[in-house]
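Here's a quick briefing to read with the model open beside you. Start with the overall layout, then work through the topics below.

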Amino acid sequence: MGNSGIYKNIRLNKRCFDLFFFILFKKIEERDCVAMVYPSKLIEDAVNEISKLPGIGEKTALRLALFLLKEPSESTHNLSGALINLRDQTKYCKICHIISDSEECTCESVRKDASLLCVVEDTPDVIAIQNTAQYNGYFHVLGGVISPIEGIGPSELHIDSLIERVKAPGSEIKEVILALSANMEGETTAFYIAKKLKPFNVQVTSIARGVPVGSELEYADEITLGRSIAQRMRYQINENEQ
Ligand SMILES: [Zn+2]
């Protein structure tokens, strides 16, 4: 009885704290909104739209809007035209789901190692891996990772089409490389996909997690260093460098 009373009190206090901070932040937000007064409705509209972009606050949005006003009008027309085309004409490859100019798979046009399929979260990851010049296989873009907090489940991702690719008759895929972020969402997604691929005759691998090149060992976090030790690799001497 006594304990439940204490817990009730703690819960009540927590609610009071939450409400207090909610009101405080709301007040700060309102104050900030009131502070920005625009001399023109056109500027205000532009600032409102630009500030919807991630990482851009109202002040930066205002600076960008004023910058565009100072530039020749073609700059703004070219920018808005490019954005409209991006929005209306961008397509996704039906097979690997990479952002493309057509729904046909453009990656098929270049001869690659068909035994390798690298699974990534989004198109920028494809570009990053391609830029390493260390991978010559195909890609499969999931379009995100499993995230219960954001309400993203496996059905929202291109996981079914990945399974279809692997089990398709005539498929040459021998290894599926999971190149996902080293966070909880990435690990959950990798685990889910690995389980889904278990019945098929493919090797499932994950990109190595280790100490970044150029960094000092003593500054590496325990989890990264632990994995580096557990998944150590054979030291190879490159005869050409001697
Ligand atoms: Zn494709």
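Helices (H or I, at least four residues) and strands (E, at least two) are DSSP runs, numbered from the N terminus. By that count, the chain has eight helices and six strands. This is a predicted model, so local features need pLDDT of at least 70 and side-chain atom pairs count only at pLDDT 80 or more, while totals for chains, interfaces and linings use all residues. Residues are numbered from 1 along each chain as its sequence is written.

**Overall layout**

- Reading from the N terminus, the elements go α-α-α-α-β-β-β-α-β-α-β-α-β-α.
- The chain has 242 residues, and 13% of them count as buried. Buried here means that 20 or more other C-beta atoms lie within 10 Å of a residue's own; 12 or fewer makes it exposed, anything in between makes it partly exposed, and C-beta atoms are placed from the backbone.
- Take the contacts with a separation of 6 or more: residues 24 or more positions apart account for 44% of them. A contact is a pair of residues whose C-beta atoms, placed from the backbone, lie within 7 Å.

**The sheet**

- Four strands form an open sheet in the order β4-β3-β5-β6, with parallel pairing. Two strands pair if DSSP finds at least two bridges between them.
- At the edges sit β4 and β6 (203–206), each pairing on one side only.
- Neighbouring strands are turned by 25° against each other on average, direction ignored. For that angle, axes are lines fitted to C-alpha atoms (for helices over the stretch in contact), and angles run from 0 to 180 degrees between N-to-C directions.
- As background, strands of a sheet pair through backbone hydrogen bonds, either parallel or antiparallel.

**β3 and its two partners**

- On one side, β3 pairs with β4 in the parallel sense over five bridges. D113 stands opposite G137 in β4, and V120 has V141 as its bridge partner in β4.
- β3 also pairs with β5, again in the parallel sense, over four bridges. Here L116 has E175 as its bridge partner in β5, and C118 stands opposite I177 in β5.
- β3, helix α5 (residues 123–131) and β4 make a right-handed β-α-β unit. Right-handed means that, with the strands pointing away from the viewer, the path from the first strand over the helix to the second runs clockwise.
- What about burial in β4? Four of its five residues are buried, so β4 is largely enclosed by the rest of the structure.

**The nonpolar core**

- The largest nonpolar core has 24 residues, and those with the most contacts inside it are V119, V120, F139, L142, V176, L178 and I193. Such a core is a set of buried Ala, Val, Leu, Ile, Met, Phe, Trp, Tyr and Cys residues joined through C-beta atoms within 7 Å.
- The elements that give it two or more residues are β3 (113–120), β4 (137–141), β5 (175–178) and α7 (184–197). β3 gives the most, with four residues.
- Not counting residues up to four places away in sequence, V120 touches D125, V126, I129, F139, V141, L142 and A179.
- In soluble globular proteins, nonpolar side chains tend to be buried together.

**K196 on α7**

- K196 lies in helix α7. It counts as partly exposed because it has 16 C-beta neighbours inside 10 Å.
- Leaving aside neighbours within four places in sequence, K196 is in contact with I159 and I163.
- K196 and D160 are 36 residues apart in sequence and 9.3 Å apart in space, C-alpha to C-alpha.

**Two residues with positive phi**

- H97 has a positive phi of about 65° although it is not a glycine. H97 is found in the loop between β1 (91–92) and β2 (99–100), and it counts as buried because it has 22 C-beta neighbours inside 10 Å.
- A133, also not a glycine, has a positive phi of about 60°. A133 lies in the loop between α5 and β4. Is A133 buried or exposed? A133 is exposed, with 7 other C-beta atoms within 10 Å.

How values were computed. Two residues are in contact if their C-beta atoms, placed from the backbone, lie within 7 Å.
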